[in-house]
Amino acid sequence: MVTILFDAPKGETRRFKRLLKRLRTFAKVQLNREAAISSERLEECELLVTQRQQFSDEELNALKAFVDGGGSLAVFSCEGKAQSPECNANALLADYGVSIERTTLVRAVYHTFLHPKHALIQNGVVQPEIGVEKHTPLNGTNRSRHLRQSEPSDNLVEPSMSLSFVYPNGTTLSVQSPAYTLLSSGSTSYPVDCPIAATWESTSLDGEQGRVLVVGSSDMFADEWLEKEENSQLCDVLFRYLLRQNVSFDPSLGRADFEEKGLVPDIASLSNMVKPCLHENEPLPQDYKSLLCDDLFRVHNDFVPDVIDLYKRLNVPYEPLALVQPQFECPHPPLRMATHPPRTMDPPPPALELFDLDESFADARVRLAQLTNRLSEFDFCLEHYVNEAGWILDLDVGADDASEEAMAKRVLHHVGEQIFLSKMQGGAEGIGSEFC
């Protein structure tokens with residue numbers, strides 16, 4: 001199993017968890033958390049992936065010896081790092097014909113992604129082998145190139161458009177022979193049609209052929225962008241190339257007709273160095289009043305005679321204006337008597353919550369039973385009991401101004417009279433049929 005050394009002295013692996021998980025499926029991945037890259041660590045791996053932009057002299061010598069010994073080196077950069085004064089990554093890449101420029105790649109036309117630095121490139125493939133190998137996984141068994149080229153293709157796609165990818169927060173590269181370009185910025189990004197990924201491969205015949213890959217954007221393989229568009233397939237192709245898994249590029253098939261870069265003024269710097277400049281004018285006259293222009297606007301009475309003559313032409317008497325007596329209208333209509341009857345308020349409904357409905361609608365027998373149960377043995381009053389029973393039976397016993405004892409006697413008298421009449425008549429009138 002091959003060994004990949006991922007250089008992460010400042011914990012850069014937090015953004016590349018998906019990439020490391022993808023590489024661990026077929027290779028042994030080691031992390032270099034040390035501040036320096038030593039020759040001992042390089043001897044243990046076949047591929048070194050780094051994002052550093054500053055190297056010491058010992059590290060430069062160790063990396064060059066590693067590549068000369070047949071190792072593969074992948075350098076991922078991003079926009080703005082090359083402008084740092086401590087950056088000396090170009091000193092490492094100068095021997096391989098690649099240099100990182102101080103530019104930022106942006107997309108000139110909005111498409112899919114909002115931020116201009118998140119450029120979607122759809123025609124940036126320079127090496128046709130990338131489009132051919134994009135469907136082969138990292139540890140997959142690849143077929144021979146002869147069989148792949150002999151298969152019929154239903155959709156003939158231009159090689160430059162065979163793979164689309166997102167290039168976020170990236171920069172451009174300068175590529176010279178013997179290095180060659182793998183990806184370009186395409187026609188919809190600015191700068192237009194510039195190299196953004198390049199590689200160098202040793203041409204020695206002693207069997208030790210090192211490879212160097214430089215990509216101007218490290219974020220395109222981060223967790224946020226690895227699954228966008230076809231970035232994951234591009235990642236597989238590049239790492240298979242670095243690990244020599246049946247992927248090789250032909251420098252003769254690449255392009256060399258990239259547009260030459262022209263220098264333009266730095267408008268931002270020039271705006272901070274404003275220098276006043278006046279054109280040479282004629283000397284000022286002695287009479288400064290001649291410089292004043294009063295023809296544009298002025299107040300005068302030159303047209304008053306013409307206005308007076310206009311009265312005669314229109315046969316209108318020329319006289320002072322008379323005062324017109326104003327007529328104020330009353331804003332409110334006059335009062336009229338109402339022809340409709342007044343609206344009276346309906347009486348309120350009965351306050352049913354103040355009544356015991358169960359007691360009011362209960363049967364006379366039930367109410368008598370409740371009265372009997374309510375009066376206990378100790379506070380029992382016969383006069384009160386008889387009067388309450390008479391009120392429940394709705395007996396007419398005369399005026400209510402008598403005493404409680406007299407009222408009780410009247411109730412008993414009325415009840416006895418009704419019982420007597422019922423016995424005499426032998427009928428079922430009054431209370432005789434109900435309560436006897």
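Close-up 1. The structure holds 0 disulfides, a disulfide being a pair of cysteine sulfur atoms within 2.5 Å. Take C78: it is in no disulfide, and the nearest cysteine sulfur, which belongs to C87, sits 9.8 Å away. C78 is buried, at a relative accessible area of 14%. C45 also counts as buried, with 7% relative accessibility. For these labels, buried means under 20% relative accessible area, exposed means over 50%, and partly exposed is what falls in between (1.4 Å probe, protein chains only). Before you go further, note that this is a predicted model: local features need pLDDT of at least 70, side-chain atom pairs count only at pLDDT 80 or more, and totals for chains, interfaces and linings use all residues. Residues are numbered from 1 along each chain as its sequence is written, and side-chain values use heavy atoms, with hydrogens and water left out.

Close-up 2. Side chains of opposite charge can pair when their charged atoms come close. A salt bridge here is a side-chain nitrogen of Lys or Arg within 4 Å of a carboxyl oxygen of Asp or Glu, and by that rule the count is 12. In this view D7 pairs with R52, with 2.6 Å between the closest N and O atoms. D7 is in strand β1 (residues 3–7) and R52 is in the loop between β3 (47–50) and α3 (57–68), so the bridge ties together parts that lie 45 residues apart in sequence. Helices (H or I, at least four residues) and strands (E, at least two) are DSSP runs, numbered from the N terminus.

**Close-up 3. What surrounds D7.** D7, R52 and E59 are linked in a network of salt bridges. The side chains of D7 and R52 also make a polar contact at 2.6 Å. That term means a pair of N or O atoms within 3.5 Å; within protein, one must be able to donate a hydrogen and the other to accept it, and residues adjacent in sequence count only if both atoms are side-chain atoms. Leaving aside residues up to four places away in sequence, D7 touches E12, N32, I37, L48, V49, T50 and R52, where contact means heavy atoms within 4.5 Å.

**Close-up 4. E79 and K117, a loop-to-loop pair.** The salt bridge between E79 and K117 has its closest N and O atoms 3.4 Å apart. E79 is in the loop between β4 (72–76) and α4 (89–93), while K117 is in the loop between β6 (106–107) and β7 (118–121), so this pair ties together parts 38 residues apart in sequence.

**Close-up 5. E230 and K134, another pair of loops.** Here the side chains of E230 and K134 meet in a salt bridge, 3.2 Å from N to O. E230 belongs to the loop between β13 (211–215) and α7 (231–242), and K134 to the loop between α5 (128–133) and α6 (145–150), so the pair ties together parts 96 residues apart in sequence. E230 counts as buried at 18% relative accessibility, and K134 is buried at 13%.

**Close-up 6. Two cis peptide bonds.** Which residues does a cis peptide bond with omega of about 15° join? S177 and P178 are the pair, and P178 is in the loop between β9 (173–175) and β10 (180–184). Now go to Y190 and P191: the peptide bond from Y190 to P191 is cis as well, with omega near 0°. P191 lies in the loop between β11 (189–190) and β12 (195–201).

Close-up 7. T112 is not a glycine, but its phi is positive, near 70°. You'll find T112 in the loop between β6 and β7, partly exposed with a relative accessible area of 46%. E229 isn't a glycine either, and its phi is positive at about 50°. E229 is in the loop between β13 and α7, and with 39% relative accessibility it counts as partly exposed.
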